[in-house]
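Subject: Structure handover

Hello,

Here is the structure I promised you. Please open it before reading on; my notes follow below it.

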Amino acid sequence: MPIATSTTATAVRVRGVTRDFGEGDAVARALRGVDLDIPHGELLMLVGPSGCGKTTLVSIIAGTLQPTDGDVEVLGHDLVALRPAARVKFRRENVGFIFQSFNLLPALTAVENAAVPLIIAGVSRARALPQAAAMLDRLGLGNRLTNLPSELSGGQQQRVAIARALVHEPRLLVCDEPTSALDAENGRITMELIARIAVQPDRAVIVVTHDQRAYAYADRIAMMEDGRIVSVEKGTRRTAIGPPSQAS
Amino acid sequence: MLWIAWKMLIGNRAKYLGIVFGVAFAALLIAQQSSIFCGLMSLTVSQILDVEGAGIWVMDPKVKYVDDVKPMADTHLYRVRGVPGVDWAVRLYKGIARARLDEGAYEQVILLGLDDATFIGAPMNVIEGSIDDLRAPDAVIMDAVGYGKLWPGEPFKRGRILEMNDRRAVIVGLARARKTFQTFPVVYTRYSQAVRFAPPERKVLSFVLADPKPGVDPGELAARISSQTGLQALTRQAFLRKTIRYYLLNTGIPLNFGITVALGFLVGTAIAGQTFYLFIVENIRQFGALKAMGTGNGTILLMVLFQALQVGLVGLGVGVGLAALFGWSTRPLAKLSFFMPWQVLVMTAVAVFLIVLLASLLSIRRVFVVDPAIVFRG
């Protein structure tokens, strides 16, 4: 079984992680001893067929799910040993999320949605909203700050979600199928923005995807099957990123 | 975070209005029925309230409430006057008399006989004639609502004749008096006149009204009167409480109103609870996203309680406002009793906040157990 390792400073270190769902005869094993290292500054793509355990693995790395067995160390924190409240604090301070279905709050405007992580972190609205507006501006949504999610296209909603994921400058970005709800052009723009803006020397990025067009933006691609990582290949992110473009 | 909770709440207008409606409906029902109950209870003590100036009521020891008149010997007046600390004491007659109207019909009236010299216990608001007109022979003053009942639609006619106990009574004025529980017209006259209008009895003194000398505590004086005379002496407030307690304990009024209030509470809880629960369930992914992004369960609890408190406040305002509007708009209807003291507002507020608390407790568990990893499911 290949171990996805890196020679640079490690942001994520996963060893022998298993995860079971259900009990007794009905138990289903989603992860079967996963080992994975992700260094800072890397964009790792987690790919594989449906039900292979990608989302379970990324949930464990993000600190939203506990493994049944194994060790998980993220940004120097032993997530298995952390108490629930400490895991919440860890996520608040260190993790940015981009979801498949955006999960924007429909009652909040674009800028308010983007400011949510700052508000959660205790930043006042007066300070959070301008920061969120600046991030949206970087993502090409400076003219859509006061629009509700229902007034934005899918691509624009995903860019609001990217702004929300990055506004508090997390050191780990977790993206779950970020392009699956988008058309080809918006999917490309989303991946370009993630690859261009999200990847930073002190930040690791994990992207779970089925979308083969997105593979070009990866530094490494980890292939999962049946709860295991079966191969790890080098990607071509540094050569794939084209010139900046605007989404519809 | 409370700001986010507020935006989430009002973001879904239909659900928000549904919850507010449930709470407002419960508040309306609770406040309105409680106010009518208080109105009815205030009727039971209206004749105590109408007697201004007397701090102490003295009566037979067996009297249970203001309408439970047990006549005493007239000599008790002098015994009360003899108690140290009594500034003054006067007689009051209270009874039910049968009045024969000028056209031959009979009606029962509440007959009040006031001290001949001082008229203590007289109505404060005489709107036709004057209280001194009672000094004329056979003179009576009637309450305006009662006059309207006996002669509907007819203007006041001074000198109109009644007969009570085969004696002639002449109406010389009209007064505004509080509505009474028995709904009979109230007829005021001098004490010496009242005992002639009343059916002949050996004892006729209903109450002795007394007041303490300056600096004497009414409660202490009432206790002293009781111990020295063997009569029952109560301060005005104590007599009010005793009368109300009698009606609370011996009639079905509190039970009937209590059932309606309880139904309002249950219906309000059901509507608000169900709608609030649906609101939470609909937003469960959003709460999941907030949890994934690092919002703790304590903050989530605060958010849900804040949302509940918010709908509680708006619902309470709307419900109590509508109840007050109902009371205000039904003022001209003499048959409706509506009295909304501050205690009704407090009780309604407590009930409403129990409703929203129950509603939020029903929902909060769903949010607590939601797995933040829910957001990774498409």
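Strand β6 of chain A covers residues 95–98. A:Val95 and A:Phe97 point one way from it, A:Gly96 and A:Ile98 the other, and all are buried. β6(A) runs parallel to strand β7 (residues 172–176) of chain A, and four bridges join the two. In that pairing, A:Val95 has A:Leu172 as its bridge partner.

Bear in mind that this is a predicted model. Chain A has an average pLDDT of 85, and 92% of its residues score at least 70. Two stretches of chain A need care. Over residues 1–8, pLDDT stays under 50, and the model has 19 contacts beyond four places in sequence for them. Over residues 242–248 of chain A, pLDDT again stays under 50, with 13 such contacts in the model. Where pLDDT is low, the predicted coordinates should not be read in detail.

Strand β1 (residues 10–21) and strand β4 (residues 69–74) run antiparallel, joined by five bridges. A:Arg13 stands opposite A:Glu73 in β4(A). β4(A) also pairs with strand β5 (residues 77–78), in the antiparallel sense, over two bridges. Here A:Val74 faces A:His77 of β5(A) as its opposite number. The hairpin of β4(A) and β5(A) has two residues between the strands, and A:Leu75 takes a positive phi near 50° in it.

Next, helix α3 of chain A. Is it enclosed or exposed? Eleven of its eleven residues are buried, so α3(A) is largely enclosed by the rest of the structure. The buried set includes A:Glu112 and A:Asn113, as well as A:Pro117. What do these buried residues pack against? Their partners are α2, α4 (125–138) and α5 (154–166) of chain A, together with α1 (2–11) of chain B. After α3(A) comes A:Gly122, with a positive phi near 95°.

Now the contact between the chains. Chain A puts in 26 residues and chain B 19 residues. On the side of chain A that touches chain B, α1 (54–62), α2 (84–94) and α3 (110–120) of chain A each supply at least two residues. The largest share, five residues, comes from α2(A). By type, this side of chain A has 14 nonpolar, six polar and six charged residues.

On to the cores. The largest nonpolar core has 130 residues. Those touching the most other members are A:Leu46, A:Ile61, A:Ala132, A:Leu136, A:Ile206 and B:Val23. Helix α2 (residues 13–44) of chain B gives the most to this core, 15 residues. Leaving aside neighbours within four places in sequence, B:Val23 is in contact with residues including B:Gly268, B:Ala272, B:Val311, B:Leu316 and B:Ile355. A second, separate core has 61 residues, among them B:Ala177, B:Val186, B:Phe207 and B:Leu209.

Last, the division of chain B. Domain 1 takes 2–44 + 252–376, and domain 2 takes 73–230. Their centres, taken over C-alpha atoms, are separated by 48 Å. Four residues of domain 1 of chain B are in contact with four residues of domain 2 of chain B. On the domain 1 side, these are two nonpolar, two polar and no charged residues.

Best wishes

Terms used:
Residues are numbered from 1 along each chain as its sequence is written. Chains are lettered from A and ligands numbered from 1 in the order in which they are written. This is a predicted model: local features need pLDDT of at least 70, side-chain atom pairs count only at pLDDT 80 or more; totals for chains, interfaces and linings use all residues. Two residues are in contact if their C-beta atoms, placed from the backbone, lie within 7 Å. Ala, Val, Leu, Ile, Met, Phe, Trp, Tyr, Cys and Pro count as nonpolar, Asp, Glu, Lys and Arg as charged, and the others, Gly among them, as polar. pLDDT is the predictor's confidence in each residue, from 0 to 100. Domain bounds come from an automatic or database domain assignment. Two strands pair if DSSP finds at least two bridges between them. A residue is buried if 20 or more other C-beta atoms lie within 10 Å of its own, exposed if 12 or fewer, and partly exposed in between; C-beta atoms are placed from the backbone. A nonpolar core is a set of buried Ala, Val, Leu, Ile, Met, Phe, Trp, Tyr and Cys residues joined through C-beta atoms within 7 Å.
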